Amino acid sequence: MSDSSQTPSLYAAREPIFPRRVSGKFRTLKWVIMAVTLGIYYLLPWIRWDRGPELPDQAVLLDLAGRRFYFFWIEIWPHEFYFVAGLLIMAGLGLFLFTSALGRVWCGYACPQTVWTDLFILVERWIEGDRNARLRLHRQKKWDFKKVRLRVTKWVAWLLIGLATGGAWVFYFADAPTLLQDLVTGQAHPVAYTTMAILTFTTFFFGGFAREQICIYACPWPRIQAAMMDEDTLTVGYRDWRGEPRGKHRKSVEAEQLGDCIDCMACVNVCPMGIDIRDGQQMECITCALCIDACDDIMAKVGKPRGLIDYMALSDETQERAGKPPRPVWKHILRPRTIMYTTLWGGVGLALVFALFIRADINMTVAPVRNPTYVTLSDGTIRNTYDVRLSNKNGEARIFEMSIVGDPTLSVTLEGEKGTKVEVPADSAELQRVYVSAPRDSAPAEAENTGLRLWVEDLTSGERAYRDTTFNGRGN
């Protein structure tokens, strides 16, 4: 039996990727998107929004203690979770739409893993230099003072970014200025510190060390994106019929037989995933289009037309090989699949907007007390008991009045000698016990229960709401 220590490993160690800096329209677009998305994430909790003296003045707040979600002028209550579900459906349909039209543009431009990795690479480049300098530092075996200084500086910068990321996240769940003061003074809840520690570590590790490994192995999207794409999807590709055969020696006798690709490896050197787009479509490609910027720059320098690497569709390959122009971009984007996704996306959005505008400022739920289902009073009156929860979504206290319409034999009273009226505090819910009574002989003997509709009216605005339930015990 051979020595196990001599058995070769089945897995190759990861070789870090050090993408080269590149300039171009797609790189500029990525900078803009990164600045906008990070700006929104870090700054949004600090925007103030005046809702009145009894409500939080943070524009975006997920108030778990108060069971409320605030988004500027919109306030979502727990029973209105369908708004959140609708937004998630819209996000999924939007992802399907953009993938069907333009491939993995979400992955290449707006995915948090991509955005934070871009930020970490930018910091790494500022501290350690461009690609060649980072490669030399990585391959240097000796840890001298310079290498230690550069690595420690970089890791500290990454940790600060991770700390800011975790800090920004917890600010969405509590008043940001107050929570910041509590965090600094050590008075914040342990959950806040734990959450920040977890997010700091994951941001530091995912953006600094895992990078493309998260996209290749941890994220499921590369494996399911094919279901959203077809031959008309625009994605980053290499025009091999124009670029092959490759060659560097443009002044040789055989130069006329070579394609436009000079095999400069610029497209590979700028790729954050470390792949060669000239090998065809690959699961690792996130269509960030940095290889397009790099190749266009080289083509301009050697006097060749741009577009050797470009956004293109497989359906155009036959036409281009025959020397014909590709189909217009709008024909690739506007096709039955994308139109269907757009229609569904817009339909869900319009339904949410409609529901937002027609929702009432008051709401009620009615739960009959089942033990017992009814009681008989000394005078023979049948009484049912209900737990009614009244929600006042206004910024001031309101007086609500309970009533029953349609059956004059039934009467309603509230527990606590309140008559039929109850005051509900601003932007809160009040649980009220309600008694509904009827004379024993007010219904035929064969009727053991009858339908009942309880109404509540806001005496300030006149707005009304109702819930249907049953009245038990009649005819017994």
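This report describes a sheet, a pair of helices and one tryptophan in a predicted model.

## The three-stranded sheet

Three strands form an open sheet in the order β1-β2-β3, and their pairing is antiparallel. The edges are taken by β1 (60–63) and β3 (74–76); each has a single partner strand, so one side of each has no neighbour in the sheet. On average, neighbouring strands of this sheet are turned by 10° against each other, direction ignored.

The pairing of β1 with β2 can be followed residue by residue. Strand β2 covers residues 68–71 and runs antiparallel to β1, with four bridges joining the two. Leucine 61 has tyrosine 70 in β2 as its bridge partner.

## Helices α1 and α13

Two packed helices are described by the angle between their axes and the distance between the axes. Helix α1 spans residues 25–43 and helix α13 spans residues 290–302. Their axes come within 7 Å and cross at roughly 145°.

On the α1 side, the contact is made by Lys25, Phe26, Arg27 and Lys30. On the α13 side, Leu290, Ile292 and Asp293 take part. Sorted by class, the contact of α1 with α13 has four charged residues, three nonpolar residues and no polar ones.

## Tryptophan 330

Tryptophan 330 is part of helix α15, which covers residues 329–333. The relative accessible area of tryptophan 330 is 53%. Exposed means over 50%, so tryptophan 330 counts as exposed.

Tryptophan 330 can also be placed relative to glycine 162. The two are 168 residues apart in sequence, and their C-alpha atoms are 40 Å apart in space.

Terms used: Residues numbered from 1 in each chain as written. Predicted model: local features only at pLDDT ≥ 70, side-chain atom pairs only at ≥ 80, totals over all residues. Heavy atoms only, no water. Pairing = 2+ DSSP bridges. Axes fitted to C-alpha atoms, helices over the stretch in contact; angles between N-to-C directions. Contact = heavy atoms within 4.5 Å. Nonpolar A, V, L, I, M, F, W, Y, C, P; charged D, E, K, R; others polar. Buried < 20%, exposed > 50% of the residue type's maximum accessible area, 1.4 Å probe, protein only.
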